[in-house]
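Visitor: I have a structure open and have not looked at one like this before. Could you walk me through it?

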Amino acid sequence: MKTIDEMLHLDLLTSDQHAQIGAWIAQAGSPDEILKMPATLWQALERASEVMGIDQDLARDPQFDEVDA
């Protein structure tokens, strides 16, 4: 939910889209149920994710901070 809250804050989702997506996720009993979200909501999430660069972040190799021993 934090990510969709950020999308709303950045004006990448409307209040209505945010509410509908949040309700869908809350009622979904499994990831498979989330995947059944209506296409218009998925499209809104995809556009917002693209603007935020989420796909690029997920594809990037993890960066570990070097810890002094």
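Visitor: What should I know about the source of the values?

Guide: Because the model is predicted, local features need pLDDT of at least 70 and side-chain atom pairs count only at pLDDT 80 or more, while totals for chains, interfaces and linings use all residues. Residues are numbered from 1 along each chain as its sequence is written, and side-chain values use heavy atoms, with hydrogens and water left out.

Visitor: How much of the protein counts as buried?

Guide: Of its 69 residues, 20% count as buried, a word that means under 20% relative accessible area, with exposed being over 50% and partly exposed in between (1.4 Å probe, protein chains only).

Visitor: Which residues of H2 are buried?

Guide: They are His18, Ile21 and Gly22. Seen down the axis of H2, these buried residues fall within an arc of 100°, so they line one face of the helix; the arc is that of the directions from the helix axis to the C-beta atoms.

Visitor: And what do the buried residues of H2 pack against?

Guide: They pack against helix H1 (2–9) and helix H4 (39–52), with contact meaning heavy atoms within 4.5 Å.

Visitor: How do the axes of H1 and H2 cross?

Guide: They come within 10 Å and cross at roughly 175°, using lines fitted to C-alpha atoms, for helices over the stretch in contact, and angles from 0 to 180 degrees between N-to-C directions. H1 and H2 are therefore roughly antiparallel to each other, since angles over 145 degrees count that way, under 35 as roughly parallel, 65 to 115 as roughly perpendicular and the rest as oblique.

Visitor: Which residues meet there?

Guide: Ile4, Asp5 and Leu8 in H1 meet Ser15, His18, Ile21 and Gly22 in H2.

Visitor: Switching to H4, which residues are buried?

Guide: In H4, Leu41, Ala44, Leu45, Ala48 and Ser49 are buried. They cover an arc of only 130° around the axis, which puts them on the same side of H4.

Visitor: What does the face turned away from that buried side carry?

Guide: That face of H4 carries the exposed residues Thr40, Arg47, Glu50 and Val51.

Visitor: What comes just after H4?

Guide: Just after H4, glycine 53 takes a positive phi of about 75°.

Methods
Helices (H or I, at least four residues) and strands (E, at least two) are DSSP runs, numbered from the N terminus.
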